[in-house]
Amino acid sequence: MLVTAFFAVSFFLIQDIVEAGMRKYNTISPMLTVTKLNTGHPIVLDVREPGEYSKGHITDAINIPVANIEAQVNKIDLYKRDDVIVVCQTGTRSAPACATLKKLGFENIFLMTGGMQSWEENKLPIVKSKK
């Protein structure tokens, strides 16, 4: 049983290392995102749906749902060489968004791990949209 568990853990660790090496973007924690926001000029791209975005988002985040990135890339085209931090609710929609941005020529892409769920769990500030 222990040998099986060892091989399972080893497999997942190797898989994670290989995936990290093949990714064309970096990951960043919510706390490092705060540091980057305070020391640089990154943009935050929120790829959630507008209803989710209006319930609470990071200050000055630009909302483009993941399915609309290619159609609405003109909203963020000026930032192709800047740091772009991609955020969704849990971090799962951000990965395809990062891949799309890379394909569209963006250079410095960061996926915020855990998404807004992690942001809120860390008690970081959010802005709610007025209806």
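The model is predicted, so local features need pLDDT of at least 70, side-chain atom pairs count only at pLDDT 80 or more, and totals for chains, interfaces and linings use all residues. Residues are numbered from 1 along each chain as its sequence is written, and side-chain values use heavy atoms, with hydrogens and water left out.

Let's start at His57, found in the loop between helix H3 (50-55) and strand S3 (62-63). Helices (H or I, at least four residues) and strands (E, at least two) are DSSP runs, numbered from the N terminus. Is His57 buried or exposed? His57 counts as buried because its relative accessibility is 6%, and buried means under 20% relative accessible area with a 1.4 Å probe, protein chains only. A polar atom of the His57 side chain lies 3.0 Å from the backbone oxygen of Tyr53. Leaving aside residues up to four places away in sequence, His57 touches several residues, including Asp46, Met116 and Ser129; contact here means heavy atoms within 4.5 Å.

Asp46 leads us to strand S2 (residues 43-46). In a regular strand the side chains alternate between the two faces of the sheet. Both faces of S2 are covered: Ile43 and Leu45 are buried on one side, Val44 and Asp46 on the other.

Now for the neighbours of S2. Two strands pair if DSSP finds at least two bridges between them. S2 pairs with strand S4 (residues 83-87) in the parallel sense over 4 bridges, and Asp46 stands opposite Val87 there. S2 also pairs with S3 in the parallel sense, over 2 bridges, where Asn63 is the bridge partner of Asp46.

Note on methods: Buried means under 20% relative accessible area, exposed over 50%, partly exposed in between (1.4 Å probe, protein chains only). A polar contact is a pair of N or O atoms within 3.5 Å; within protein, one must be able to donate a hydrogen and the other to accept it, and residues adjacent in sequence count only if both atoms are side-chain atoms.
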